[in-house]
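Me: Hi, can you walk me through this structure? Keep it short, please.

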Amino acid sequence: MTSTSFAKTALTGGQAQTGVINHELIEKSVREYEKRQNALESVHIFETTVLELSFKNILTIQNLRPFTSLKKLQLDNNSITKIENLETLTQLEWLDLSFNKIKRIEGLDSLVKLKTLSFFNNEISHIEGLENLHDLEVLNLGKNKLTTSELSSFLQFRQFPNLRIIITKENELGETSNDFLIAFLPNLRYLNYKLVQKHQRAGAIELYEGDIRRLEQEERSVKEKERAAKEKKERTDADNKANCLGFFKDELYHLLLANDPDLPELANLERVEDLLESFRERIELISTDFREKMYGELEQKEKEVEYFSESQDLLQEQIEEVSLNALETFEKKKHLIQKNLWIKGLQLNHSQEDLMELQQLNENLVQELFSSETRCHEVTSSLLKDFRGRRSALMTTSRELCFTVSKELLKCSRELDDEIREVVNAVETDDLRNLMVASLTASADHRINYIESVEDRLVKTEEQICTSLIDELVEKEHQRNRKRVVEIWNLYGENKLEFLGADNENSDDEMYM
């Protein structure tokens with residue numbers, strides 16, 4: 001089956017279709033475009049970058065998934081009702097869906113490189129499905145069914161820095177829609193094919209000055225929240241990597257007291273709020289100290305990984321140099337032997353000795369390569385063993401830090417219990433005092449249980465981090481070794497086939513003579 005017939009089968013299932021995009025339609029479009037462009041040679045249709053399918057009575061978008069190189073797609077002036085099956089066209093920059101019967105904007109999420117998009121003369125009533133298209137430069141929504149209620153949907157385009165041209169003519173957006181768009185879209189340069197003049201923008205901004213100010217304030221607030229969320233995620237990821245999650249500033253204090261049903265009753269007692277504030281400060285100091293130490297441990301761990309990687313890279317370079325020298329020597333000897341073999345073949349002095357020498361040369365090469373790989377694997381295994389030892393020592397240190405911080409937290413919690421107990425004992429009413437004693441006991445148990453759970457989590461996480469890293473490095477070396485062994489055997493087989501071919505060639509020459 002030829003590549004063209006294969007493409008035809010892939011596009012049509014081997015059957016002719018009407019109202020859809022099929023092989024004949026695409027083939028004709030590609031070749032006509034090449035002809036207009038005076039292309040020196042044809043490309044496979046799946047590699048085309050431009051597809052012009054205007055006025056083809058297309059009802060359904062399909063059979064375009066293989067065209068991953070497309071940059072421009074014209075589907076205007078057809079009878080398409082739904083945008084679909086475009087997910088794989090991630091390189092698309094220009095899409096024309098004008099003059100169709102589309103009611104909804106959808107199916108464009110993956111087309112993030114789109115710059116020009118036209119829906120002129122369709123049946124669209126809502127602006128949606130464009131959230132990911134931040135590279136848009138031109139958007140044509142003219143002659144659809146957009147109404148005044150959709151004007152606010154245009155505000156999303158404030159986040160599209162390159163969107164300079166918008167067409168909205170022949171909709172029901174209202175008389176003030178142009179002023180609205182000019183005022184709220186500062187990057188807009190052309191509206192309905194006309195250049196936005198400075199006086200127009202100034203007048204439009206004056207009309208909506210208060211609304212613009214409020215919107216800008218909201219946008220700043222949203223950006224600030226997004227920035228804070230991003231920073232928190234980055235910090236959380238870093239803390240998780242260092243195994244000190246939950247120890248940032250007073251996070252641990254709030255976690256310790258969270259979900260404690262007895263604390264509110266105790267907090268109502270005189271001086272307890274002050275005691276809790278002092279407790280918060282001590283917990284924050286313990287947390288900060290532990291966090292700094294764990295980041296110091298992380299730095300040491302990363303240095304160990306870096307040292308191991310550098311040692312392994314150096315070893316690989318050395319082994320690669322040995323292998324290249326062996327291959328170079330092999331090629332030189334092979335060339336000499338094959339040259340002699342060729343001469344002997346012509347002089348009818350053909351001998352199996354030369355062929356046997358080639359085979360022996362091949363076996364010597366493979367033996368040398370295997371020897372180098374064995375040494376590489378052994379040295380890497382030794383490096384891994386040393387790394388495991390050093391990493392285990394670091395893990396022990398980190399575990400000791402986890403145990404220590406747990407002891408410090410328990411001590412701090414007991415001190416708080418003693419301080420609150422003094423307040424409770426001063427309560428004059430027996431019933432209230434007994435109630436507060438019970439609440440204090442329950443609250444203390446709550447904190448102890450949480451601190452013990454934190455210790456357990458920290459220790460287990462430290463062990464998991466160490467074990468998973470070593471397992472990953474061991475598996476990586478295992479895969480590298482297996483790949484190298486296969487490469488060597490493949491080389492041996494290729495050389496052997498080449499030598500057998502030389503033998504058969506000379507045998508044929510003798511038979512002919």
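Predicted model: local features only at pLDDT ≥ 70, side-chain atom pairs only at ≥ 80, totals over all residues.

Me: OK. Which residues form a negative surface patch?

Reply: Glu 306, Glu 310, Asp 313 and Glu 317 form one.

Me: Where is Glu 317, and is that residue buried or exposed?

Reply: Glu 317 sits in helix α8, residues 272-346. Its relative accessibility is 54%, so Glu 317 counts as exposed. The cut-off for exposed is over 50%.

Me: Now salt bridges. How many are there?

Reply: The count is 33.

Me: What does Lys 293 pair with?

Reply: Asp 289, with the closest N and O atoms 3.2 Å apart. Both are in helix α8, four residues apart, so about one helical turn separates them.

Me: Which salt bridge links distant parts of the chain?

Reply: Arg 480 with Glu 373, whose closest N and O atoms are 2.7 Å apart. Arg 480 is in helix α10 and Glu 373 is in helix α9, 107 residues apart. Glu 373 is buried, because its relative accessible area is 3%.

Me: Switching topic. How far does helix α5 reach?

Reply: Helix α5 has 34 residues and spans 49 Å from first C-alpha to last, close to the expected 50 Å.

Me: And what follows α5?

Reply: Asn 243, with a positive phi near 60 degrees.

Notes
Residues numbered from 1 in each chain as written. Heavy atoms only, no water. Patch = residues over 30% accessible without salt bridge, like charges linked within 9 Å, V, L, I, M, F, W, Y side chains within 5 Å. Areas by Shrake-Rupley, 256 points an atom, 1.4 Å probe, with all protein chains shown as cover. Salt bridge = Lys/Arg side-chain N within 4 Å of Asp/Glu carboxyl O. Lys, Arg positive; Asp, Glu negative; His and termini not counted. Charge placed at Lys NZ, Arg CZ, Asp CG, Glu CD. Helix = DSSP H or I, 4+ residues; strand = E, 2+ residues; numbered from the N terminus. Buried < 20%, exposed > 50% of the residue type's maximum accessible area, 1.4 Å probe, protein only. Expected span 1.5 Å × (residues − 1).
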